[in-house]
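Please read them with the coordinates open.

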Amino acid sequence: MAVFNQKSVLDMIKEFRRNWHTLCDSERTTVCGADSMLLALQLSMAENNKQHGGEFTASLSDVLLTWKYLVHEKLNLPVENMGTIDHYEDIRRTYDGFLKNSNMLDLIDVYKKCSVLTSNCENNANVSPSQLRDFLCGKQYAIDDETDLYVPTSPMGKHNRDNEKVKLLAKKIICSYLNLLVNSKNDLALAHILNIPDRGLGREAFTDLKHAAREKQMSIFLVATSFIRTIELGGKGYAPSPSDPLRTHVKGLSNFINFIDKLDEILGEISNPSIAGGRILSVIKMQLIKGQNSRDPFCKAVEEVAQDLDLRIKNVISSQQGDVAVSTTDISPARPKSYAINHGTAYCGRDTVKALLVLLDEEAASAPTKNKAELLYDDEDASHYNGTSILTLFR
């Protein structure tokens, strides 16, 4: 059942992509998968709690209770006799605002937008509201969990789980770099990678960036970029204001922005999307494993994930080229419209960005993480870098 639902969710996202120009303002809008939806809800609840005189936090039980209610409410499923916490309407507004400011749509938004299309009847019929609810809430795990209850934990089993956890972490980091490259407004993606590898941009730097972004009503990445560009254009004699809290993070922010610039340059300079995608992944990989022991589990995981993603990008491009060959026989190619994906990006980078979007859409259609406490509250493996949970960063 899980595989069926996952494929149906991905088909729904593909339908959204085919009709993006009628459903959203930007082709670079990214899809927020189940795990990211839960993280965004957790942050919204913590922000709401702080606004009502409490601390910037939210308990696991409250998050899961509100998550269940949010999913049912957004899908227009019955919510009678369902528990919820105080100020739910405020939390919902904060959640919607966070996604909008990050140029993201969650899976339910995608479903609802696809539902209004007149041309997608047979595609969207593959996902019902109850199926999407079960997918988001992880109902597909029920049978698996029952069979796992009585399996004793062996040293080898623990080793395999640890390796899988490191591999998932490596994938999350690399995909967050790709996500930010495609959608520079994605604050959630930026939070995952700002200090990975260690750039001296820990919680204090993120807090300063977040406050500046809120004050200027800009994305965190745009604030950081604007700050570094001003310094670079000002020349050697220029120095940021002594009252600017970002001035203590110049070195780390410059390192981060210049690295993203390097990835952006690959988009603009390499016209072949297969080569460009592979080069981008290679540069990210080298940045993550630089100075690390090659036998380190994290380095091995980064190598494996980068290789897997490179193969997937090539498969995506091969599939896209096959579709184009079938649909455009004897038709000369047209330049993209003014609102298309190459806005602000070199023309030759358009196909690469489209391929990266397909890859990210596949990740957004992934089944949700089973262990919600680990997803929401665990700090990332500190043996490689100063990993910090998303909730702690935004606090």
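The points below go from the whole chain to single residues.

1. Overall make-up. This is a predicted model. The protein chain holds 19 helices and 2 strands. It has 395 residues, of which 48% count as buried. The accessible surface comes to about 20200 Å², and carbon and sulfur atoms account for 51% of that area.

2. Contacts along the chain. Taking contacts between residues at least 6 apart in sequence, 70% join residues at least 24 apart.

3. Arg-17. This residue lies in helix α1, which covers residues 2-18. Is Arg-17 buried or exposed? Its relative accessibility is 16%, and the cut-off for buried is under 20%, so Arg-17 counts as buried. Its side chain makes a polar contact of 2.7 Å with the side chain of Asp-361.

4. Surroundings of Arg-17. With neighbours within four places in sequence set aside, Arg-17 is in contact with Glu-27, Thr-29, Thr-30, Val-31, Leu-357 and Asp-361. Thr-29 is 12 residues from Arg-17 along the chain, and the two C-alpha atoms are separated by 9.6 Å.

5. Helix α12, length. This helix runs over residues 203-216 and has 14 residues. At 1.5 Å a residue it should span 20 Å, and because its end C-alpha atoms are 20 Å apart, the two values agree. The residue that follows α12 is Gln-217, with a positive phi near 55°.

6. Which residues of α12 are buried? They are Ala-205, Phe-206, Thr-207, Asp-208, Leu-209, Lys-210, Ala-212 and Ala-213. The cover over these buried residues includes α11 (187-193), α13 (220-234), α14 (250-269) and α19 (390-394). As background, an α-helix has 3.6 residues a turn, so residues three or four places apart point the same way.

7. The cis peptide bond. The bond from Ile-196 to Pro-197 is cis, with omega near 0°. Pro-197 lies in the loop between α11 and α12.

8. The loop between α4 and α5. Helix α4 covers 60-74 and α5 covers 88-101, and Asn-76 lies in the loop between them. Phi of Asn-76 is positive, near 60°, and the residue is not a glycine. His-87 lies in the loop between α4 and α5, and it is a residue other than glycine with a positive phi, near 65°. Asn-76 is exposed, with a relative accessible area of 66%, whereas His-87 is partly exposed at 36%.

Terms used: Residues numbered from 1 in each chain as written. Predicted model: local features only at pLDDT ≥ 70, side-chain atom pairs only at ≥ 80, totals over all residues. Heavy atoms only, no water. Helix = DSSP H or I, 4+ residues; strand = E, 2+ residues; numbered from the N terminus. Buried < 20%, exposed > 50% of the residue type's maximum accessible area, 1.4 Å probe, protein only. Contact = heavy atoms within 4.5 Å. Areas by Shrake-Rupley, 256 points an atom, 1.4 Å probe, with all protein chains shown as cover. Polar contact = N/O pair within 3.5 Å; in protein donor to acceptor, adjacent residues only side chain to side chain. Expected span 1.5 Å × (residues − 1).
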